[in-house]
Amino acid sequence: MAIETTSEKSLNGQIQIPGDKSISHRAVMFGAISNGKTKIKNFLFGEDCLSTVECFRKLGVDIEVSDAEINIDGKGFEGLKEPAEILNVGNSGTTTRLIMGILAGLPIHSVLIGDDSIAKRPMSRVAIPLKSMGAQIDGRENGQYTPLAIRGTNLNGIQYTLPVASAQVKSAILLAAIQAKGTSIVKEPQITRDHTERMIRQFGGSIEKVGDEIIVKGGQSLSGCEIKVPGDISSAAFFMVAAAIAKNSRVEMPNVGLNPTRSGIIEVFEKMGASITVQKDETGEAEPTGTIIVETSTLQGIEIGGELIPKLIDEIPIIALLATQASGRTVIRNAEELKVKETNRIDTVVHELQKLGANITATEDGMIIEGNSKLSGGTVDSHGDHRIGMMLAVASVISEGDVEILRKEAINVSYPNFFNHLEQLSN
Ligand SMILES: O=C(O)C1=C[C@@H](OP(=O)(O)O)[C@@H](O)[C@H](O)C1
Ligand SMILES: C=C(OP(=O)(O)O)C(=O)O
């Protein structure tokens with residue numbers, strides 16, 4: 001089905017951005033390994049987070065799902081039972097890597113499997129440190145890929161410097177470290193999202209940051225609590241960009257997560273000269289939130305790289321589209337991690353935006369985008385990648401001609417009501 005568009009389209013109004021995917025996954029996992037009741041409000045009912053719920057149910061955890069919230073009756077790490085069935089992680093890298101850290105310390109055998117995209121994503125980056133803590137992990141092609149078989153054990157603490165800036169690898173090690181004997185020290189080459197660290201404290205555990213060392217004591221037991229999941233800044237990013245590049249637009253998004261380890265896109269908007277206002281909430285919650293307002297903007301191309309990359313890694317596809325509408329050139333560097341996401345996002349972004357007439361070139365570690373492009377209509381493909389699908393849907397708002405998006409159902413992974421919100425703002 002083609003999405004009808006004209007380049008005159010404008011977007012106006014307020015939308016409630018759905019719950020943060022990274023935080024929703026973690027809230028289920030922490031609820032499952034803690035003692036007592038956990039209530040999760042504003043949980044993201046996207047396919048990825050539902051994969052996490054299903055995996056923990058198969059591990060014997062009592063998880064009640066209602067429209068508005070999730071309730072978990074946790075019995076601690078000891079409450080997790082050997083699953084009789086394979087654990088299906090679907091399309092979710094976060095589920096796969098974080099659950100590995102939990103399973104590594106349990107005296108059970110389990111098997112993880114996911115979809116065709118997950119089968120291509122590197123898992124030895126997690127398996128290597130977990131094996132050095134004592135777990136047995138094997139997988140296809142020498143332990144690199146799913147299906148993975150895990151036999152957990154009593155783990156020893158670890159001192160580990162991550163070879164890549166990855167919050168998933170860091171989180172898997174931290175989840176193993178809280179079960180291990182002794183203290184673990186983790187260092188990361190660049191700061192990545194710190195939701196796991198914040199959540200350890202929310203669930204009554206302890207974790208310290210001294211200089212660049214993240215220090216966790218083993219043998220901790222956690223207690224259930226109530227988690228209010230903020231709106232996902234990675235989902236808000238699509239409407240931030242849509243409002244900035246469509247004519248006569250103004251979009252307001254309250255209750256969006258503003259964790260500084262995640263909000264690199266705000267810095268990009270400011271550097272490009274976009275019309276953006278950020279009003280911080282005074283909630284005192286573990287995760288900061290606020291209202292983001294974006295209006296139609298005049299933009300300049302910029303250079304994006306270095307320490308900013310992990311703070312906006314999932315936003316690069318939509319930032320690439322933003323850059324096509326700036327004046328001048330935008331260069332994105334140091335983003336080679338994009339090659340091991342749901343798709344090779346350097347290739348899929350460049351290939352699909354070129355189909356709509358953008359002047360964009362792939363490089364070894366990013367892309368170069370020339371601005372002031374008029375986008376045309378055409379048939380494009382999400383390649384089964386939710387973020388590529390949503391980026392292309394936003395491109396359709398400003399393209400001159402109809403855009404047909406193949407495999408757009410991939411969007412359900414992180415933003416099931418995305419098209420409703422787009423329609424709501426278009427009226
Ligand atoms: O920890 C997380 O919740 C995530 C970390 C990032 O992955 P990496 O850790 O592989 O960079 C990000 O791309 C992913 O969408 C979610
Ligand atoms: C990379 C992503 O997620 P995951 O790694 O959990 O599949 C994403 O949501 O863009």
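Guide: S18 and S19 pair in the parallel sense over 2 bridges. The model is predicted: local features need pLDDT of at least 70, side-chain atom pairs count only at pLDDT 80 or more, and totals for chains, interfaces and linings use all residues. Residues are numbered from 1 along each chain as its sequence is written, while chains are lettered from A and ligands numbered from 1 in the order in which they are written.

Visitor: Why are S18 and S19 said to pair?

Guide: Two strands pair if DSSP finds at least two bridges between them. S18 and S19 have 2 bridges, so they meet this criterion. Within S19, Val 331 is the bridge partner of Glu 303. The names themselves refer to DSSP runs numbered from the N terminus, with helices being H or I of at least four residues and strands being E of at least two.

Visitor: Which residues form the covered face of strand S19, and which the uncovered one?

Guide: In S19 (residues 329–332), Thr 330 and Ile 332 make up the covered face, whereas Arg 329 and Val 331 make up the uncovered one. In a regular strand the side chains alternate between the two faces of the sheet.

Visitor: How do you know that Gly 105 is buried or exposed?

Guide: A residue is buried if 20 or more other C-beta atoms lie within 10 Å of its own, exposed if 12 or fewer, and partly exposed in between, with C-beta atoms placed from the backbone. Gly 105 has 25 other C-beta atoms within 10 Å, so it is buried. This glycine is found in the loop between H3 and S7.

Visitor: With which residues is Gly 105 in contact, leaving aside its neighbours within four places in sequence?

Guide: Contact requires that the C-beta atoms of two residues, placed from the backbone, lie within 7 Å. On that basis, Gly 105 is in contact with Phe 77, Gly 152, Leu 155, Ala 176, Gln 179 and Ala 180. Gly 105 and Glu 78 are 27 residues apart in sequence, and their C-alpha atoms are 10 Å apart in space.

Visitor: What makes H10 mostly covered?

Guide: Of its 9 residues, 9 are buried; among them are Ile 316, Pro 317, Leu 321 and Thr 324. Helix H10 (316–324) also belongs to what covers the buried residues of H9, as do helix H8 (233–245), strand S16 (275–280) and strand S18 (303–304). Those buried residues of H9 (residues 264–272) are Gly 264, Ile 265, Ile 266, Val 268, Phe 269 and Met 272. Just after H9, Gly 273 has a positive phi of about 85°.

Visitor: How is the angle between H2 and H3 defined, and what is its value?

Guide: Axes are lines fitted to C-alpha atoms, for helices over the stretch in contact, and angles run from 0 to 180 degrees between N-to-C directions. Helix H2 (residues 47–58) and H3 pack at about 35°, with their axes 8 Å apart. The contact is made by Asp 48, Ser 51, Thr 52 and Cys 55 of H2 and by Thr 94, Thr 95 and Ile 99 of H3.

Visitor: Why is ligand 2 said to lie between domain 1 and domain 2?

Guide: Domain bounds come from an automatic or database domain assignment, which gives domain 1 (2–18 + 230–426) and domain 2 (21–217). Both domains give residues to the shell around ligand 2, so the ligand lies between them. The C-alpha centres of the two domains lie 28 Å apart.

Visitor: What is the class make-up of the shell around ligand 2?

Guide: Ala, Val, Leu, Ile, Met, Phe, Trp, Tyr, Cys and Pro count as nonpolar, Asp, Glu, Lys and Arg as charged, and the others, Gly among them, as polar. The shell has no nonpolar, 4 polar and 6 charged residues. Lys 21, Asp 48, Ser 92 and Arg 387 are among the residues surrounding ligand 2, where a residue is near a molecule or strand if its C-beta atom, placed from the backbone, lies within 6 Å of it.
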